[in-house]
Every structure is written in structure tokens, then in C-alpha cells.
Amino acid sequence: MIDIAGAVAVESIDEASRDQPDPAHVAVGVRGVAAHYGDPLREQRVLDTEVGLVDRSHRGVIAVPGEERAGWLHTITSQHLTTLAAGDGTELLVLSPHGHVEQHALVAEDGETTWLDTEPGATEGLLAYLEKMRFFSRVDPRDATAERALLSLVGPAAPEALGTLGVTGLAEPDLVAVPGPKFAAGAVPPRASVRYDVRPLPIGGWARRGPLGVDLLVPRSAMDQVVAELRGAGVPVAGLWAYEAIRVAARRPRLGVDTDHRTIPAEVDLIGPAVHLDKGCYRGQETVARVHNMGRPPRRLVLLHLDGVTTDQPPTAGTPVTLDGRAVGFVGTAVLHHELGQIALAVLKRNVPDDAALLIGATAAAIDPS
């Protein structure tokens, strides 16, 4: 999609952007993605109110074939996966021994292989962990980014647009309610904490219904054909800037941008979609259980509204957020939203009140309490 008229590549705007393909993937033909196609605010409005097609083919993809894959992934990640079957999608985390978030991946199961897609630049670390944990299990994880590409239909009309590719009736995400502290054993159903409906695409690959629309995990060789069919049916394209603005407004955290080396799942609202609280032992589980039972993680993810008076440039990820001259957190993803203006996700200390007068450099910021 980077060759579509009007496309402005992410790296042409920011050479240090995290939204560039991993160099190892570039070497095997993975190309960059568009930040926008000439009008990022219009592209946002399309994603917010209708549907648009976003190129996210820079994300890493790992294939995990092998007859023991479901039980094996169940034991080494945060998600309940023993019942994973063809047509199931979900999310999972890899945690450190102390419960800090190291990896985050979305899952699609086709009956023969479990497919994991993750942040650009995170593939090597996730694959290294999987290979380290193989032992004698009958699994064979590999980097499949050169084989598969991720595109996303984003917006309320995404399921209808998917019909262009011959798939209809994808169920909405099915999220298990997060139980309260010190819940009874067996209170959480023995299944993935969120289920995303996954269906095969006639052209090859799979469609997965998610929180923001429908992800298309397609053969990279078929990517141009998929794009052409959707555009031919009137689906407009939108850049990554528009996607990020929609994600921030939906308060969906992103690994490595809205998290740091100390982040635990409860701080960034990943317990619901990516952690099963009653599945038994896995690396980092003790911290997850202890924090959940206490009911007060040390920090929290918030949406900030920025005044935009001192600068029209959103702050960079990692910029400190201060209160009365002292740092109380950091900015994650900051964007210019077509309705809300400058907004940002931030991770703040739990005791920062909702009405605090915050500063990000010289920019005033206020917590959205909703």
C-alpha cells in the first residue's frame, strides 16, 4: 500500500519511528507503511464513523505449528489456551519472572497452526523466548513475517466491508468479565479471557474480528489483490496516524510505547483481554495474582487531554508527566485527534487525582475521568 498515490511513508517523517519493519524483515522484502495518504484528519473521521483499510504489514508474524502447540502456549503465556480450536482468536502476554510485561501478541488459530502477530521489532524477542521454552514439546515456532501480512479494516462498518472478500457473520469479541479481588476458584471459565472470531478468507489467510474492526492476516503474495478488491468495492485507505488516533481514543495500550520495563498487566488494562486469572501457574503469575487480590496496582493507564497552546506538536513517547514539579508518570502515544484535539495515553502513579493540574513540559494536561 506504500505505492498508492499520496502515500507518505512513516520513515520519511521520522527516521527513528518504531513503525518501521524490523531490518531482518526488510531484508526479505517487507516494505514500510504509510503514515497517511494526504489528509490524516479526514482518514481518522472515516475510521471513526465508517470503515477504512490500514496497512499494518510491518507487524511481525510468528507461526507455531505442532500438535502440542495449544497446551504448550498455555503453560508459557498468560492466556488460557488449552481449548484453543480452529476459528479462535485471542491475546496473550509473556511476562518476566516478576510479572512485568515483556511481550504482547494477538492470536489466530487455523486448526493446524497458531499465528501470533506482534509489534514491529518485537518478533525476534518473542521468537527467542518461544524457542527457549520448547524443550521436548512437539512444536516448531518460526518467523513467518515474510509469508504473512497484516491489514486492518477499521471502523464500525468493518464487518460489512469484509463481505467484499467473501466472509460474513463474524461474531463480536466475547470478553469474560474480570472477577473482583479474592474470587472463588473456578469463578473464571476455563477458556480464553477474550475470544475473537476467526474465519478463513477465500483468497487465503484469515479474518479476525477485534475491538477496532477486522484484521486480515493474508499471504504476503496476495496482499496487493486483497487491497485492490477492497478499494474496488469503495473501501478507502487510511494511514497509520489515523489508526493510532483511533487506538488512543479507545485506550488500547501498545507494547513498548505505552509500557515500560516496570509495567505490569493491571496497570495498562491488559488483565481483561490478555490474562486469565484462574489458569494456574505461568511465569509472572504470582505478581498478577497478588496485585489483583490487593486491588491497587501502583500505576494506571489514563487518557490525557492536552491544551495544545504552547505547541502544536504532540509530545514524544517517554516524556515525563509532572505534578507540582515532580514526575508522576510518562507519556505513551500522543496524537492529534479529529474531534478531541491533542490527546495522549499516559501511565501515572495511582495516587494522582483525576482533577490534577498536570504538565508535559510546558503543555498543560488533564485526565479524562470517563
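Colleague: How far apart do the end C-alpha atoms of residues 42-165 lie, and how much of the span is helix and how much strand?

Modeller: The end C-alpha atoms lie 25 Å apart, and the span is 25% helix and 34% strand. Helices (H or I, at least four residues) and strands (E, at least two) are DSSP runs, numbered from the N terminus. This is a predicted model, where local features need pLDDT of at least 70, side-chain atom pairs count only at pLDDT 80 or more, and totals for chains, interfaces and linings use all residues. Residues are numbered from 1 along each chain as its sequence is written, and side-chain values use heavy atoms, with hydrogens and water left out.

Colleague: Why is the chain called as compact as a globular protein of its length?

Modeller: The chain has ten helices and 20 strands. Its radius of gyration is 20 Å, close to the 21 Å that the globule rule gives for 370 residues, so the chain is as compact as a globular protein of that length. The radius is taken over C-alpha atoms, and the rule is 2.2 Å times the number of residues to the power 0.38.

Colleague: What makes helix 4 largely enclosed?

Modeller: Buried means under 20% relative accessible area (1.4 Å probe, protein chains only). Six of the eight residues of helix 4, residues 69-76, are buried, so the helix is largely enclosed by the rest of the structure. The buried residues are R69, A70, W72, L73, H74 and I76.

Colleague: What covers the buried residues of helix 4?

Modeller: The cover includes strand 4 (60-65), strand 6 (101-109), strand 7 (113-118) and helix 5 (123-132). Contact here means heavy atoms within 4.5 Å.

Note on methods. Buried < 20%, exposed > 50% of the residue type's maximum accessible area, 1.4 Å probe, protein only.
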